[in-house]
Amino acid sequence: MLSVIETVNDVTMFSRLISSMAIAIFLAGQALAVELIMVEQKGCSHCQAWHKAIGPIYPKTPEGAFAPLSVVNISEGAPEGVQFARKVVFTPTFVLVDEGAEIGRIEGYPGEDFFWGLLEMMLRAKTSYVKPDGSAASN
């Protein structure tokens with residue numbers, strides 16, 4: 001009887017190990033996926049407006065789940081492992097990056113309504129982003 005219990009426990013442990021490895025592989029693949037980098041600077045009123053209106057909800061949105069946000073200071077330049085297509089001059093600038101390379105950007109903060117529209121258009125045009133309602137990009 002004890003050997004049957006040990007075998008069941010071994011199978012359960014093996015299944016958990018395989019599941020954990022699958023999750024780790026998935027998350028590792030996500031590390032090089034699409035991300036949105038916000039370039040800002042101290043005293044930028046448009047940056048502050050974005051942080052107030054969008055910042056708290058961005059991670060909870062489908063766009064935020066698809067392209068997680070990183071924030072960097074303009075004086076720091078691109079984060080390690082990231083290549084911007086050109087120098088960032090204005091703040092805020094939102095740089096869409098895929099596997100470390102810039103694939104799009106929004107310069108400035110045109111307000112909450114325009115930001116979401118511009119972001120969705122950029123995600124749909126430059127990535128495999130699918131709207132929450134299931135509609136695919138219309139390229």
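Along the sequence, the order of elements in this protein is α-β-α-α-β-β-β-α. That gives 4 helices and 4 strands. Keep in mind that this is a predicted model.

Some totals before the details. The protein has 139 residues, and 30% of them are buried. Its accessible surface is about 8,900 Å², with 60% of that belonging to carbon and sulfur atoms. Take the contacts between residues at least 6 apart in sequence: 56% of these join residues at least 24 apart.

Now to helix 4, which covers residues 112-126. How far apart are its end C-alpha atoms? They are 21 Å apart.

Next, which residues of helix 4 are buried? They are Phe-115, Trp-116, Leu-119, Glu-120, Met-122, Leu-123 and Arg-124. The list holds Glu-120 and Arg-124 as well as residues such as Leu-119. The cover over these buried residues includes helix 2 (45-53) and helix 3 (62-66). It also includes three strands: strand 1 (34-40), strand 3 (93-98) and strand 4 (101-107).

Then there is the outside. Met-121 sits in helix 4. Its relative accessible area is 53%, and the cut-off for exposed is over 50%, so Met-121 counts as exposed. Met-121 forms a nonpolar patch on the surface with Phe-114 and Leu-118, and together they have about 320 Å² of accessible area. Why might residues spaced like this share a side? An α-helix has 3.6 residues a turn, so residues three or four places apart point the same way.

Definitions and conventions: Residues are numbered from 1 along each chain as its sequence is written. This is a predicted model: local features need pLDDT of at least 70, side-chain atom pairs count only at pLDDT 80 or more; totals for chains, interfaces and linings use all residues. Side-chain values use heavy atoms; hydrogens and water are left out. Helices (H or I, at least four residues) and strands (E, at least two) are DSSP runs, numbered from the N terminus. Buried means under 20% relative accessible area, exposed over 50%, partly exposed in between (1.4 Å probe, protein chains only). Contact means heavy atoms within 4.5 Å. Accessible areas come from the Shrake-Rupley method with a 1.4 Å probe; for residues, only the protein chains shown count as cover. Patches are made of residues with over 30% relative accessible area and no salt bridge: like charges are joined within 9 Å, nonpolar side chains (Val, Leu, Ile, Met, Phe, Trp, Tyr) within 5 Å. A salt bridge is a side-chain nitrogen of Lys or Arg within 4 Å of a carboxyl oxygen of Asp or Glu. The expected span of a helix is 1.5 Å times one less than its number of residues.
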